[in-house]
Amino acid sequence: MAKLTTQDLEVIKSAQKARLAFRERTYLLICGGTGCHATGSIRVKDALLAAIEDKGLGDTVQVIETGCNGFCAMGPLLVVHPGDIFYQKLTVEDMPELVESHLINGKPVERLLYKDPVSKARIAAQTKIPFFAHQMPRALRNKGLINPESIDEYIGRDGYIGAAKALFDMTPQQIIEEMKISGMRGRGGAGFPTGVKWDFASKSAGAVKYVLCNADEGDPGAFMDRSILEADPHAVLEGMIIAAKAIDAHKGYIYARTEYPLAIKRLGIAIDQAKGYGLLGDNILGSALSFDIEIYQGAGAFVCGEETALMRSIEGKRGMPRPRPPFPAHKGLWEKPTILNNVETLANVPQIMVKGGAWYAGVGTQTSKGTKVFALSGDVNNIGLVEVPMGTPLRTIIYDIGGGIPNKRKFKAVQLGGPSGGCIPESHLDTPVDYEAIAKVGAIMGSGGAIVMDEKTCMVDMARFFMEFIQDESCGKCTPCREGTRRQLQILEKICEGRGEPDDIDILVELSQTIRETALCGLGQTGPNPVLSALRYFRDEFEAHIHEKRCPAKRCVALLRFEVEPDACTRCGMCFRACPADAIVWEKKEVARIDKEKCIKCLTCYDKCRFDAIF
Amino acid sequence: MPTLKIDNREINVPAGTKVIEAAERLGIMIPRFCFHPALGSVGACRVCAVAFTEGPVKGIQMSCMIDAQDGMVVSTTDAEAVDFRRHVIEFLMLNHPHDCPVCDEGGHCLLQDLTVAGGHGLRRYRGLKRTHINQDLGPLVQHEMNRCIQCYRCSRYYQEFTGYRDLGVMGIGSRVYFGRSAPGMLESPFAGNLIDICPTGVYTDKPSRYIGRRWDYQRQPSLCIHCSLGCNLTASARYRQVVRHEARPNLEVNGHFICDRGRYGYAYASIADRPRQAMAAGTPGPIVDILAGAREAIQQTVEKHGPGSVAVVVSPRSSLETLAVVKEACGQHGWTGPAAAHTNRQALNRNTAVSCLRPELAVSLAADTEAHDVLVIGADPLNEAPMLALSLRQVQRRGGHVIVIDPRGVQLPFDFDHWAVHPSAMGAILQALIQEIGGHRATAPDTPATFDITKLARRLNASPRPVVVCGTDILTPHEIALAGDLARALRRTHKVAGLFYTLAGANAFAAALLHDQPVSTEAVLDRIEDGGVRLLVAVEQDLWREFPDRKRLQAALKRLDHLVVLDYVDSPLNREAGHFIPTQPLYESGGHWINQEGRLQAASPVMAGGEPIEITGGSDHPPRVFDRRIPGDEPLAAWRAVAALAGEDEADPAPQLKTALADFHPAVNLSTPEATGQRIDLEAIAHDLVESGPAPEPAEDDAPADAVVLLLVDWTFGTEPLSAMAPALTRMEAAPVARLHPDEIARLGLAEGRPVTVSLNGNRLTVPVQADPRMAAGVMAVPRHHLLEWQVFGETRVIVKRSQLKAESE
Ligand SMILES: Cc1cc2nc3c(=O)[nH]c(=O)nc-3n(C[C@H](O)[C@H](O)[C@H](O)COP(=O)(O)O)c2cc1C
Ligand code: SF4
Ligand code: SF4
Ligand code: SF4
Ligand code: SF4
Ligand code: FES
Ligand code: FES
């Protein structure tokens with residue numbers, strides 16, 4: 001491949017016009033994200049190709065494998081253009097029919113379309129589906145549209161135009177100014193203004209500086225960054241190039257966890273392509289900037305997402321945080337001035353260069369601008385990746401986009417910010433997506449993990465789960481985090497096992513405060529948050545466990561009796577049918593009974609009983 | 001120089017000082033676990049929290065992480081800070097076992113101290129403690145991992161400070177484990193420092209396990225005499241037995257650490273076969289009588305054959321007191337000697353080094369660490385002066401560079417450049433380097449092209465702080481003088497260029513001041529052989545173990561009329577003596593030593609002496625046999641014994657010592673206590689010894705194709721005679737082997753793993769061959785190992801013809 005100039009970018013862009021405007025052919029965009037991979041999208045794709053081949057449609061139809069479309073709950077999925085027709089939950093067997101009916105006869109296959117859970121109506125057009133209708137894709141603007149392994153398609157969507165602008169038309173200070181105007185705050189969790197961070201690093205003296213991308217994404221329930229890397233890797237590279245120009249760096253690293261093989265593969269391809277085009281390497285696009293990017297695979301420790309630990313890890317040392325100051329902007333990787341940004345932060349940068357900071361700041365709230373990507377998961381109908389403007393109420397995300405809670409259960413809380421964040425109950429669901437507003441109700445914006453919990457979730461157990469994660473992932477360097485989180489976990493386990501003692505809540509609070517104030521890094525400092533927020537909103541559940549030895553949500557096995565309350569039992573037999581251990585004795589019109597000898601305490605019957613008759 | 005206020009007291013400290021160190025200067029000991037002056041700050045333990053009430057930093061902060069700044073007001077007693085620290089200690093004690101009564105750290109445990117100081121007297125926690133499996137780390141260090149408080153000092157020390165990788169931290173969270181990936185002997189010869197550095201009882205001193213609490217011990221500042229560096233240590237004794245050494249911080253010498261040879265080498269002072277009984281021709285007698293008998297033998301010899309017929313050899317390890325009294329005695333009576341080196345080459349090497357060490361060039365071991373570039377010539381730091389290797393490691397850690405020019409397969413725990421050149425090529429390289437440094441192009445013949453002298457000279461010239469380190473064991477005086485010239489040449493282009501020699505013997509520097517023209521044992525033997533010397537007095541000089549030609553020694557001894565031996569180690573030599581007088585090791589005598597950079601240092605007596613209770617009581621205690629005097633208390637400080645031999649009967653030797661010390665050398669001034677710990681007056685040493693001495697030996701006939709140079713060398717463990725007696729160290733020793741370059745093995749028709757026999761002038765040495773690709777061609781290195789009868793060739797550097805080597809079949 002020849003090294004490109006700015007003009008070449010335009011040429012490639014216009015060559016992609018037809019494809020990206022879905023002209024001249026029928027385009028079948030099949031999701032190749034990790035979620036759909038898992039549900040079998042590759043087999044579906046093969047069957048689709050075979051069916052197309054079979055019908056001799058090879059010349060008029062093009063199948064494109066994209067990154068995560070976002071609506072993972074519905075995978076494997078396919079979008080057909082023109083028409084923007086959304087097909088869901090596809091199987092290999094559906095393919096001949098889909099080709100015959102849709103591609104040859106022009107009639108979309110009704111039964112494979114999205115069905116609105118409320119109106120029961122089928123919706124054909126992707127944009128009309130509520131899940132998509134409330135979103136505003138910016139960081140995810142190319143998801144599901146382009147082939148992430150094609151740099152040309154990326155360029156066709158204005159790719160590297162922002163970099164070209166930054167390289168030729170802007171000074172480092174202008175880039176930084178633009179970032180400041182955009183109001184962009186780090187999407188990795190802390191929400192530090194990106195422009196300010198770059199400003200520090202650009203003012204740091206030193207011939208060697210580094211731009212790092214944090215693709216460690218360790219919170220349970222988070223998959224935003226992975227999806228961006230899988231769907232649009234070039235956006236991240238381009239963001240890093242712009243950052244390199246801003247701070248005068250010549251080397252960049254993307255720190256990605258080994259558990260993200262697809263993301264790493266696509267990043268690798270993207271880097272090779274960019275190098276081939278001269279978009280990485282010496283004198284990018286013929287400009288004065290030389291900049292290279294390498295992928296560094298982390299072994300998957302949560303703490304290695306913390307910036308100083310991440311840098312130690314790249315240095316080949318044990319990934320342990322160190323106190324700041326010195327800040328990375330002065331002494332980072334190998335003691336050189338360094339900036340570290342999150343994947344999503346960087347993916348937004350090219351558009352800010354192209355359209356301007358003011359454009360980006362055009363949506364959002366007073367202190368939180370632009371959009372935010374969330375990975376919606378847990379007890380919610382539409383599990384998937386969503387991007388909404390800042391200021392969107394959480395209720396919109398959970399109900400309008402997420403489709404509410406499955407199985408007609410009640411919403412209990414949503415955990416934002418994973419193990420560093422907190423839970424937000426029903427009473428605060430109108431809180432807007434805004435760094436400060438979310439902090440006010442006891443959670444954090446975090447990197448975008450949003451785990452929805454229904455009424456069957458025990459909040460003590462939830463706190464225990466996150467504490468187990470934290471104490472497991474503590475690097476073990478500083479005393480409060482290493483010892484304190486273990487102590488907290490012991491107490492929470494004790495409570496869940498029915499051995500809670502009256503002063504346990506006080507000890508939990510005392511420990512939490514000590515750890516928050518004395519731990520060295522963010523992991524420890526925020527580790528007690530889930531406990532504190534659970535105590536804030538669900539203290540009664542803790543008290544029920546401790547004083548009454550009762551788990552209101554019926555999750556804590558040690559506190560359950562595995563018996564059926566005859567008065568509540570409607571003799572429906574649901575439990576009988578669901579029990580995997582054949583431990584339920586039931587005859588028609590009889591009250592069910594659990595044979596405790598056989599029962600394996602899996603809690604399936606508790607889930608299945610609609611009448612709360614098992615206790 | 002920021003000024004700050006800590007607990008209402010003002011202090012002015014150099015920029016870069018941490019608040020915790022500033023407080024220490026005021027005598028305020030802020031609690032700390034992870035902070036250590038040699039390892040710096042990491043902010044891990046969180047126990048050093050203090051309150052910053054005014055100034056540039058506010059709130060509760062870690063005092064080890066914050067640089068002292070102008071206007072800071074710090075309170076260490078602030079209620080919130082105290083509460084913070086109390087919580088941290090409670091956290092640490094959650095998992096700490098209730099072990100103090102059986103823990104060897106008890107009594108000098110930082111955790112114990114801080115737990116009490118932090119007011120955590122009662123444990124609230126009732127749950128299970130996390131436990132670990134301990135590892136066998138070898139004979140020196142005991143591992144008890146449950147006591148760990150995860151301060152990371154050990155892993156930082158072991159990996160970052162010493163550069164060894166076999167001990168470190170594993171696991172995360174509350175599972176972090178400090179140890180090796182599998183149990184096994186620690187590889188670092190500095191591992192013993194783990195014991196000092198661990199603030200709890202995870203690593204404790206294995207040989208002294210369960211022997212006593214620190215407060216039970218007699219403890220005194222002492223010195224290591226197992227090499228010439230003179231590292232400072234604290235010696236502990238209990239029940240008349242030396243039981244432990246700990247590093248004693250001396251920021252000008254050894255920093256905070258010592259090597260394991262120094263830490264565990266003390267056993268010779270208390271072992272069962274240490275001679276404690278004066279003897280006349282093998283018959284025990286009261287020491288006064290034996291001394292009188294020896295004095296009489298000397299007088300008779302003098303009367304018969306003149307004063308020159310009495311010769312004295314003394315050890316370069318003996319105290320300054322002993323050396324001075326010996327010198328005085330020889331001078332006064334006209335006795336031959338004293339000789340304080342084995343061979344002529346060794347004597348000249350030492351004196352050349354001392355005379356080249358001009359005051360403006362001398363640097364200390366500690367100052368070495370500040371060098372930017374160090375050129376090591378003819379020295380193998382890890383084996384000859386272990387702590388030097390640790391100093392050089394710090395040079396490398398600070399971004400400096402170390403280049404070693406030495407024929408041996410030198411290993412160091414860090415990356416360095418090694419020019420493995422033949423000993424005969426070293427002089428030419430040094431000469432060429434000096435030329436290049438002076439701006440003249442030069443080449444050295446026989447130097448492989450990979451060793452770029454011009455580049456090296458440029459590097460040294462450009463270095464802000466170059467230091468030349470030079471050994472004196474395998475070189476010749478010529479090269480040793482050239483090393484001095486090189487440092488001097490560098491000094492012309494640098495304000496700070498250093499010169500650092502290592503010598504043979506803890507007091508070799510003082511031994512060099514005995515005479516302008518050094519006398520060697522070799523020369524004394526010449527005189528014995530020609531009948532000039534009839535009586536020999538060997539003062540703490542175990543010729544049998546150390547003189548490189550045992551056969552010649554034995555023959556010479558036979559020619560003597562009389563042999564007087566004064567020593568504290570058991571040796572066949574003692575049994576040859578007409579009179580044997582037991583002396584005291586430094587733990588009993590104390591004394592002064594001058595280390596290789598000319599620093600005068602003192603060791604205090606630790607105990608009175610006498611046979612250890614472990615021996616007299618057969619390990620039983622208390623003693624069941626009672627006596628008016630302590631069994632085995634006869635040994636005298638060697639200087640006293642020598643004074644008795646040389647002086648009047650019954651005379652008080654103290655004034656004699658005083659005069660002897662005053663007369664010893666103008667450079668050495670013991671009259672003020674401040675002199676101790678300082679470098680002696682190097683200016684007062686004649687710096688023309690080299691020129692006035694015999695001309696440098698002609699270079700050995702350029703490594704003839706059919707010969708190798710055999711070097712008998714030092715190893716960290718197993719060669720230094722005193723430490724080689726320590727049972728704890730015997731497991732650390734490697735078996736003696738002859739190391740050669742693999743090509744050399746092939747060229748000589750030898751086979752790796754098979755023994756080779758070297759036969760020279762009717763003497764033979766057989767030792768297994770080991771390939772070492774880092775060795776220079778044409779060189780064979782064999783350790784002066786106590787398991788090897790290496791004392792056969794009369795020198796420790798000899799040329800061996802191919803025909804004199806024979807491959808043995810097994
Ligand atoms: C324990 C811990 C884990 C973290 N993990 C991540 C992560 O996986 N991804 C990420 O982008 N930031 C993570 N962060 C935040 C980073 O330290 C850092 O603030 C961020 O990457 C900076 O980029 P931004 O300014 O673009 O957000 C973590 C922080 C802590 C304390
Ligand atoms: S807070 Fe936890 S993760 Fe962070 S440094 Fe301390 S022990 Fe390590
Ligand atoms: S390490 Fe210290 S506190 Fe722990 S058991 Fe030993 S003496 Fe006691
Ligand atoms: S073993 Fe000792 S030095 Fe090492 S971390 Fe534990 S307490 Fe600290
Ligand atoms: S380096 Fe030498 S003086 Fe220092 S402790 Fe080791 S043997 Fe003793
Ligand atoms: S992986 Fe296919 S929609 Fe997310
Ligand atoms: S001594 Fe300061 S944090 Fe450990």
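User: How many nonpolar, polar and charged residues does the shell around ligand 2 have?

Analyst: This is a predicted model, in which local features need pLDDT of at least 70 and side-chain atom pairs count only at pLDDT 80 or more, while totals for chains, interfaces and linings use all residues. Residues are numbered from 1 along each chain as its sequence is written, while chains are lettered from A and ligands numbered from 1 in the order in which they are written. Around ligand 2 there are 14 residues (C-beta atom, placed from the backbone, within 6 Å of the molecule), of which A:C475, A:C478, A:C481, A:C521 and A:G524 come nearest. With Ala, Val, Leu, Ile, Met, Phe, Trp, Tyr, Cys and Pro counted as nonpolar, Asp, Glu, Lys and Arg as charged, and the others, Gly among them, as polar, the shell has nine nonpolar, three polar and two charged residues.

User: Which elements of chain A each supply at least two residues of the shell around ligand 2?

Analyst: Elements here are DSSP runs numbered from the N terminus, with helices (H or I) of at least four residues and strands (E) of at least two. On that basis, the elements of chain A that each give the shell of ligand 2 at least two residues are α20 and α22 (522-526).

User: Which element gives the largest share of the side of chain A that touches chain B?

Analyst: The interface brings 23 residues of chain A into contact with 22 residues of chain B, contact being C-beta atoms, placed from the backbone, within 7 Å. By class, the chain A side has six nonpolar, eight polar and nine charged residues. The elements giving two or more residues to that side are α19 (459-473), α20 (479-496) and α21 (504-518) of chain A, and the largest share, eight residues, comes from α20(A).

User: How many nonpolar, polar and charged residues make up the shells around ligand 3 and ligand 4?

Analyst: Both shells lie in chain B: the residues around ligand 3 include B:H96, B:C100, B:C103 and B:C109, and those around ligand 4 include B:C148, B:C151, B:C154 and B:C198. B:T200 is among the residues around ligand 3 and is also among those around ligand 4. The shell of ligand 3 has four nonpolar, five polar and three charged residues, whereas that of ligand 4 has nine nonpolar, two polar and one charged residues.

User: Why is helix α11 (residues 224-231) of chain A described as largely enclosed by the rest of the structure?

Analyst: The buried residues of α11(A) include A:D225, A:R226 and A:E230 as well as A:I228 and A:L229. The helix is largely enclosed because the number of its residues that are buried is eight of eight.

User: What distance separates the centres of domain 4 of chain B and domain 5 of chain B?

Analyst: An automatic or database domain assignment supplies the bounds, which for these two are 349-503 for domain 4 and 707-807 for domain 5 of chain B. Between them, 16 residues of domain 4 are in contact with 16 residues of domain 5, and helix α11 (residues 381-384) of chain B gives the most to the domain 4 side, with three residues. Taken over C-alpha atoms, the distance between the two centres is 25 Å.

User: What radius of gyration does chain B have?

Analyst: The C-alpha trace of chain B spans about 85 × 75 × 55 Å along its principal axes, and 57% of its 810 residues count as buried. The radius of gyration is taken over C-alpha atoms, and the globule rule is 2.2 Å times the number of residues to the power 0.38. For 810 residues a compact globule would have a value near 28 Å, which agrees with that of chain B, 28 Å.

User: How many helices and strands does chain A have?

Analyst: Chain A spans about 80 × 65 × 40 Å along the principal axes of its C-alpha trace, and buried residues make up 55% of its 615 residues. Among its contacts between residues at least 6 apart in sequence, 72% join residues at least 24 apart. Its secondary structure comes to 25 helices and 17 strands.

Notes
Two residues are in contact if their C-beta atoms, placed from the backbone, lie within 7 Å. A residue is buried if 20 or more other C-beta atoms lie within 10 Å of its own, exposed if 12 or fewer, and partly exposed in between; C-beta atoms are placed from the backbone.
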